[in-house]
Amino acid sequence: MATLPQLDAIHLATVLDDTIDQLAVLGKIMPQTLENRPDANDIVGDEIGDILESQRNLETRYEQLILKRAELREGGRKEQLKVQENNQEIGDVIGGLRLKTNHFSKALKQNPLTPDNLAKVQKDRQYVQDILSATLQEMREQQQFTSLVKAVTLEQDNKTQLQNTILKEEEGRKRIKMLQRQIMNIKTEREEEIQQRDEMIAHLKDQLQEMKAKTNMEGKYVQKDAEVTVQQTQKHCFLTDKQLKEEIDVSTERNFHLRILYFMTTMSCGQT
């Protein structure tokens, strides 16, 4: 790096020296002044107090609307329109509560009295002070500010890396959300398939029960028909047997009658 003119180096060294002194003084007085002041909580707590008060009012309004909704529901259909309006007001109050909760969390995170914020401010202030001190020494000895350029370049590189990390994190979150959606879709499809399978199984069970009932009825019918057929066959055989016996009896009686007649005729002819 080229060397600065001596006069410019003196001017810049003066500015750097004054800046370093101001940073040193700021590091000694600012945190202690805020922490030791009795009205420090009032300075940073007005916004938080307003948010809490507004949130309490919304919670009270929410309880009132819930009680009113219960009363309106007891009125039946004639209060249906008022119930819808009441539900709309409840939704608005819930949205307001969520918004106030987010504001409250943000206010707590941004509170300058928190140890994390104070430590970060002190660290950043000390870092800038050290860089400017090294630059001041280099400016006085070599009339250059290479250390400042290196520090700025390093911070730019760190910022670029941080931005890349943030981008990768965002891409990772998007990827995770996409995979979660895919998992939900697959889960939904599986649930639908299982439901369809269960419905098919239930349908097949119903058909099986119907077939069993039908088969049972058909079996009983066949058995009853067979019994009736057997009874009819037995009755027919009995009647046929009876008829044959009667015919045999008639034939036997007729033959016997003919023999008697023949015998009597023969006897009459012999006597003559």
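What is the mean pLDDT of the protein chain, and what share of its residues reach 70 or more? The mean pLDDT (the predictor's confidence in each residue, from 0 to 100) is 79, and 81% of the residues reach 70 or more. This is a predicted model, in which local features need pLDDT of at least 70 and side-chain atom pairs count only at pLDDT 80 or more, while totals for chains, interfaces and linings use all residues. Residues are numbered from 1 along each chain as its sequence is written, and side-chain values use heavy atoms, with hydrogens and water left out.

View 1. Helices (H or I, at least four residues) and strands (E, at least two) are DSSP runs, numbered from the N terminus. Along the sequence the pattern reads α-α-α-α-α. Of the 272 residues, 13% are buried, where buried means under 20% relative accessible area, exposed over 50%, and partly exposed in between (1.4 Å probe, protein chains only). The accessible surface is about 22,600 Å², and carbon and sulfur atoms hold 56% of that area. Accessible areas come from the Shrake-Rupley method with a 1.4 Å probe; for residues, only the protein chains shown count as cover.

**View 2. Confidence is given here by element.** Contact means heavy atoms within 4.5 Å. Among contacts between residues at least 6 apart in sequence, 71% join residues at least 24 apart.

**View 3. The largest nonpolar core has 9 residues.** Such a core is a set of buried Ala, Val, Leu, Ile, Met, Phe, Trp, Tyr and Cys residues joined through side-chain atoms within 4.5 Å. Its members are Leu4, Ala9, Ala13, Leu16, Ile20, Leu23, Leu132, Leu136 and Met139. Two or more residues each come from α1 (6-36) and α4 (115-142), and α1 gives the largest share, 5 residues. Leaving aside neighbours within four places in sequence, Leu23 is in contact with Arg125, Val128, Gln129 and Leu132.

**View 4. Arginine 173 forms a salt bridge with glutamate 169.** A salt bridge is a side-chain nitrogen of Lys or Arg within 4 Å of a carboxyl oxygen of Asp or Glu, and the count by this rule is 4. The closest N and O atoms of this pair are 2.7 Å apart. Both residues belong to helix α5, and being 4 residues apart they are separated by about one helical turn. Glutamate 169 is partly exposed at 39% relative accessibility.

**View 5. Glutamate 193 forms a salt bridge with arginine 190.** Their closest N and O atoms are 3.7 Å apart. The two residues lie 3 residues apart in helix α5, about one turn of the helix. Glutamate 193 is partly exposed at 36% relative accessibility, and arginine 190 is partly exposed at 43%.

**View 6. Aspartate 241 forms a salt bridge with lysine 245.** The closest N and O atoms are 3.5 Å apart. Aspartate 241 and lysine 245 are 4 residues apart in helix α5, about one helical turn. Aspartate 241 is partly exposed, with a relative accessible area of 36%.

**View 7. Phe256, Ile260, Phe263, Met264 and Met267 form a nonpolar patch on the surface.** Together these residues have about 540 Å² of accessible area. Patches are made of residues with over 30% relative accessible area and no salt bridge: like charges are joined within 9 Å, nonpolar side chains (Val, Leu, Ile, Met, Phe, Trp, Tyr) within 5 Å. Methionine 264 lies in helix α5 and is exposed, with a relative accessible area of 52%.
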